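Here is a briefing on a two-chain complex. The points below are grouped by topic.

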Amino acid sequence: MAVINLKNRQIECKLVFYGPGRSGKTTNLEYIHKAFKKQVIGKMISIDTEGDRTLFFDFLPIGLGKIKGCDVKVQLYTVPGQVKYKATRQLVLKGVDGIVFVADSLAVRREKNMTSLKDLHENLLKMGLSIRKIPLVLQYNKRDLAAKGLPIMPVKKMEHELNRQLQVPSFSASALSGEGVGNTLTAALKLTLQSLQNEFKWAQ
Amino acid sequence: MTDSNIVLKGKLSFLNLAELIQLLGGSGSTGILTLSSTHAKGPGYIYMVDGNPIDAAYQDKNGREIFNDFFGWLDAEFEFSEEKILHRKTIQKNRMELILDGLRMLDDDLIDKLGHAHTPAKKSKIDLKDDAGIPIIKGPLVDYLYVLDEDEFSEGQEIVVQEKYGNWLWVILEGTVEVFRTLPEGRVTISKLSEGGFIGSIGSLKEKTYVRSATVKALTRVQLGVLDYHQILNEFSRMSECFQEVLFSIENRLIQVTTECTKAQFKKIKIFPDMGDFKQLKTSEIADDKILRITAGKAVVVKPANKQFIQLCRLKSGDFIGDIPFLTTSHEPYSAQVFISGDFESEKIDLIDLKEEYNDLSLTLKNMILHTSTCLAVTSGRLIDILKNSKSKQ
């Protein structure tokens with residue numbers, strides 16, 4: 001549910017980075033904030049929530065066109081993983097337009113990925129949204145850890161376990177070096193804006 | 001302020017403060033947001049300029065803290081009146097940061113919920129008991145970061161054995177285990193642990209040759225996560241000596257209460273009609289941001305029951321007295337009393353330093369600490385249960 005701001009002819013929409021704690025959501029956002037500086041409006045807000053931080057900043061996607069003559073402003077958020085942050089999570093997920101699910105490639109985090117994806121599904125349901133309909137992109141993060149000799153899961157296995165039913169675009173990434181972060185973001189923005197375009201067509 | 005200025009009115013139970021400020025912020029509103037609640041001693045005010053809160057006031061106080069407190073006014077009514085604001089700015093942050101931080105504090109239980117009874121140190125997830133009245137302790141979600149490997153035990157297998165040496169630490173991923181102590185007279189089940197519970201204690205970080213204080217047996221097929229002992233030990237050894245001592249002191253209480261539990265089962269517990277020469281220490285008078293470290297003399301933590309006193313544990317020099325909210329300690333001042341000997345002396349320890357140190361700990365260590373205080377609360381409750389049961393049987 002994007003918000004149309006008539007005052008400055010802007011459509012504000014919300015892209016949320018979801019995933020288990022320490023899977024690299026904040027690292028993704030920190031990289032975007034650094035690498036796409038020109039498109040970032042205002043400073044990055046960082047709130048220390050237990051387990052990981054909650055980040056937020058505004059982002060202007062460039063080259064993806066306007067909707068009905070309005071500029072599109074995207075609010076990028078990470079969501080706190082811990083169960084107790086109910087109020088924070090509700091606020092962040094309220095009116096979400098697109099989701100990047102950041103999965104951890106480390107073999108020991110396998111179960112955490114699945115639990116978190118299930119949580120996302122349930123949280124969306126509570127707001128009347130369906131994980132199958134909402135613009136969603138998967139990211140298999142921390143691929144670089146293989147080089148350090150840490151056991152990571154093959155992409156094929158992760159695809160099979162997380163994306164078999166969803167069949168959404170997925171990307172390998174190493175958020176620490178920024179590899180794959182841009183691709184993930186572009187794909188997520190494209191899907192989100194397309195879905196908004198469709199919504200506005202219906203509204204006509 | 002006249003009525004005609006009011007442009008928006010409603011209830012925070014429908015549109016909460018976070019949403020309301022986002023809404024007013026999105027339209028760049030300038031004016032005064034008035035909050036009123038039957039539970040408050042007066043109205044609260046938030047001054048907004050161009051969509052950002054610049055000051056908040058309640059009674060004779062104002063500023064950022066007051067603003068945060070308003071997130072706890074869950075069922076207040078609000079009115080927004082559009083007007084020019086000539087007011088000193090005490091809040092510098094932008095609205096999204098204020099909102100996210102306010103909600104975070106609400107979730108972290110750092111903000112009192114107005115109109116909701118203040119519940120002291122929540123005893124999380126420990127109300128569960130099995131048919132025989134034995135508590136089942138569950139822990140928070142497992143943090144896999146410190147899990148090195150997974151171990152599986154089948155039903156009936158003993159995972160650790162009382163009086164044997166061992167430092168291994170596990171977290172339960174699946175299944176339930178039973179913790180029991182064995183005495184010459186027989187065995188006593190202390191508690192059952194389930195998902196998220198820890199096997200092995202903080203005490204094992206103190207000595208290389210740690211003697212297990214109880215036996216842990218698998219009641220179902222159990223899947224355990226083997227914790228990275230060295231990583232935890234590393235982190236633990238980086239803590240200040242004071243914090244380590246606080247944790248050992250809590251653990252010390254747990255061991256003593258567990259022993260009392262075992263004794264109670266075989267009616268070997270002493271119940272004191274009075275505390276003799278010991279005087280009561282008014283623990284509720286200790287400042288919120290301080291705890292006491294005993295420097296001389298002795299103290300006894302007791303639970304009063306029917307004009308008698310049940311001893312939970314004895315404290316000596318080096319032990320701590322007081323409520324540590326972020327560790328959810330469970331004895332004084334709410335559920336136990338402290339009595340001190342004539343030669344008792346203590347020094348004050350600042351809790352804020354400890355809290356800051358606690359904040360920086362890994363999730364696994366935090367979970368372990370929480371588990372220890374949960375066990376202490378549960379085991380103290382179990383002691384009372386055992387005494388009640390033996391009384392009703394008599």
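In chain B, 80% of the contacts between residues at least 6 apart in sequence join residues at least 24 apart. The model is predicted. The predictor gives the complex an ipTM of 0.70 and a pTM of 0.50.

**Confidence in chain B**

- Chain B has a mean pLDDT of 85. A pLDDT of 70 or more is reached by 94% of its residues.
- One stretch to treat separately is residues 117-127 of chain B, where the pLDDT is below 50. Beyond near neighbours in sequence, this stretch still has 16 contacts in the model.

**Make-up of the two chains**

- Chain B holds 7 helices and 23 strands. It has 394 residues, and 40% of them count as buried.
- Chain A holds 5 helices and 8 strands. Their order from the N terminus is β-β-α-β-β-β-α-β-α-β-α-β-α.
- Chain A has 204 residues, of which 46% count as buried.
- For chain A, take the contacts with a separation of 6 or more: residues 24 or more positions apart account for 71% of them.

**Where chain B meets chain A**

- On the chain B side, 17 residues are in contact with 20 residues of chain A.
- Helices α1 and α3 of chain B each supply at least two residues to the side that touches chain A.
- Helix α3(B) gives the most to that side, with 9 residues.
- By class, the side of chain B that touches chain A has 11 nonpolar, 2 polar and 4 charged residues.

**Packing of α1 and α3 in chain B**

- The two helices also pack on each other. Helix α1 of chain B covers residues 17-26, and helix α3 of chain B covers residues 95-107.
- Their axes lie 10 Å apart, at an angle of about 175°. Angles over 145 degrees count as roughly antiparallel, so α1(B) is roughly antiparallel to α3(B).
- From α1(B), the contact is made by B:Ala18, B:Ile21, B:Gln22 and B:Gly25. From α3(B), B:Arg95, B:Ile99 and B:Leu103 take part.
- By class, this helix contact has 4 nonpolar, 2 polar and 1 charged residues.
- Residues three or four places apart point the same way, because an α-helix has 3.6 residues a turn.

**Helix α5 of chain B**

- Helix α5 of chain B spans residues 241-265, 25 residues in total.
- From its first C-alpha to its last it reaches 36 Å, close to the 36 Å expected at 1.5 Å a residue.
- Just after α5(B), B:Lys267 takes a positive phi of about 55°.

**Positive phi in two loops of chain B**

- B:Asp50 is not a glycine, yet its phi is positive, at about 50°. B:Asp50 sits in the loop between β3 (44-49) and β4 (52-58) of chain B.
- Is B:Asp50 buried or exposed? B:Asp50 has 10 other C-beta atoms within 10 Å. The cut-off for exposed is 12 or fewer, so B:Asp50 is exposed.
- B:Glu163 also is a residue other than glycine with a positive phi, near 75°. B:Glu163 lies in the loop between β9 (158-160) and β10 (170-174) of chain B.
- B:Glu163 has 10 other C-beta atoms within 10 Å, so B:Glu163 is exposed.

Technical notes: Residues numbered from 1 in each chain as written. Chains lettered and ligands numbered in written order. Predicted model: local features only at pLDDT ≥ 70, side-chain atom pairs only at ≥ 80, totals over all residues. pLDDT = per-residue confidence, 0-100. Contact = placed C-beta atoms within 7 Å. Helix = DSSP H or I, 4+ residues; strand = E, 2+ residues; numbered from the N terminus. Buried ≥ 20, exposed ≤ 12 C-beta atoms within 10 Å, placed from the backbone. Axes fitted to C-alpha atoms, helices over the stretch in contact; angles between N-to-C directions. Parallel < 35°, antiparallel > 145°, perpendicular 65-115°, else oblique. Nonpolar A, V, L, I, M, F, W, Y, C, P; charged D, E, K, R; others polar. Expected span 1.5 Å × (residues − 1).
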